[in-house]
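Please read them with the structure open.

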Amino acid sequence: MTRWMTVALAGLMVAGCQKEGGEAAPAKGPASKAAATQAAPESKAPATEAAPESKAAAPAVDYRKMFQALPDDMPSGTNPITEEKVALGRMLYFEKRISKNHDISCNSCHDLAKYGVDNEATSPGHKGQRGDRNSPTVYNAAGHLAQFWDGRAADVEAQAKGPVLNPVEMAMPDEAKVLEVLSSMPEYVEAFKKAFPDEAEPVTYDNFARAVGAFERKLVTPSRFDQYLKGDDTVLTNLEKQGLKLYVETGCTTCHNGAYLGGMMYQKLGLVKAWPELKDEGRSKVTGNEAEKYFFKVPSLRNIAKTGPYLHDGSVKDLKTMVSMMAEYQLGRTLEASDVEAIVAFLESTTGPLPLDYIKAPELPKSTDKTPKPDPS
Ligand code: HEC
Ligand code: HEC
């Protein structure tokens, strides 16, 4: 499947490039850009020859067609979003007492006031231990095809069960202990009852995950880019519009497209040129498929200017470096500094205001004498 995907992608990339060579670039872009455009397809002769016929008739490209505006929320077929679940999920998201030493919550690594990240390469968990992957943002994440850099959790509900029990994150010994903590506080028991009214024993680990998932499913950040997609031409500057054009014509949209500008497929890091010092094998470790070695979920680029450092290992600090490396290693293209600047300006237009009311830290239930004590060991 991946071999096929890679081939198909190569075809797409060529098609994307040709469009530029055929219509947009020679007329508007500087000469050097047109030359660069043509450099890539040459090596892939068969596909190159297929295009010219369609050229003359092709209408001007509307770059907006390659994206969709963000939805109002990211619904689930199995976990309907209700107000009561969201209210409980918000509490649980900020709840440190479901970590071994009562010092870490989801919000520690995915700080909602910081665009859902902690801006660290890797995040400190229980006793300051760090895993080997970067914390991705939780904003606009629930709509992705799967969760984690390697897609090993199907959805946000499945994902939420992981960190609480992960020994380098929240480090709880088992599900029963988590439920013991939550059941020790009558306000939590009441909130679970409200969120899952049809269940006799609603305080379960599955329901914990459902509540957190429902909360995450509303973490969307519509931006000026969405207003533009919905037809308002005045909201983007010329530089941002130029950046959008370059983003599409360079081929970024072969991977980072749709409503999230990513999140919809797995791709190899270092597709056309081996990525330097890559250790993590990514998706092949999950699927056992050698052909998926170094494949990662294509990340969403929404709010990307706020969520560095970048990549699964947090190894790239600066967004401009990231953009030019992507062009080089994923697409075999060399971008001029001014092009990189324009693309970064475009990406910044996807920074949405934070939903401050929605993410306000809630008041949490008071511990009782039944609540287990913090355990620093
Ligand atoms: C100690 C830091 C830490 C804590 C605490 C933590 N996470 Fe994460 N989170 C991470 C890291 C690191 C990853 C990426 C791991 C990977 O891909 O292998 C991640 C991945 C995710 C993702 C996947 C996003 C995507 O785009 O794929 C979601 C959603 C998420 N966490 C939500 C949560 C929730 C909800 C909690 C609390 C129940 C939580 N996290 C607690 C560090 C943390
Ligand atoms: C062949 C698919 C592909 C193409 C084309 C591609 N990317 Fe990526 N991009 C990825 C993958 C996969 C990752 C994540 C890799 C990782 O973390 O190891 C990524 C990561 C990124 C990141 C870091 C995101 C984060 O949250 O850390 C940025 C920024 C980025 N790409 C921008 C671009 C831009 C701009 C272009 C066009 C110049 C582009 N990409 C072209 C697949 C692609």
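Predicted model: local features only at pLDDT ≥ 70, side-chain atom pairs only at ≥ 80, totals over all residues.

The points below cover a ligand shell, a helix pair and one loop proline.

1. Ligand 2, nearest residues. The shell around ligand 2 holds 26 residues. Nearest to the ligand come C252, C255, Y310, M326 and Q330.

2. Ligand 2, make-up of the shell. Which helix gives the most to the shell around ligand 2? Helix α14, residues 319-331, does, with six residues. By class, the shell has 18 nonpolar and eight polar residues. There are no charged residues in the shell.

3. Helices α7 and α10, geometry. Helix α7 spans residues 156-165 and helix α10 spans residues 205-216. They pack at an angle of about 115°, and their axes are 8 Å apart. The crossing of α7 past α10 is right-handed.

4. Helices α7 and α10, contact. On the α7 side, V156, E157, A160 and K161 make the contact. From α10 come Y205, A209, R210, V212, G213 and E216. The residues of this contact divide into five nonpolar, four charged and one polar.

5. P71 sits in the loop between α4 (52-55) and α5 (83-93).

6. P71, contacts across the sequence. Leaving out residues up to four places away in sequence, P71 touches V220 and A259. P71 and D226 are 155 residues apart in sequence. In space, they are 9.7 Å apart, C-alpha to C-alpha.

Key: Residues numbered from 1 in each chain as written. Chains lettered and ligands numbered in written order. Near = placed C-beta within 6 Å. Helix = DSSP H or I, 4+ residues; strand = E, 2+ residues; numbered from the N terminus. Nonpolar A, V, L, I, M, F, W, Y, C, P; charged D, E, K, R; others polar. Axes fitted to C-alpha atoms, helices over the stretch in contact; angles between N-to-C directions. Left-handed = near helix turned anticlockwise from the far one by under 90°. Contact = placed C-beta atoms within 7 Å.
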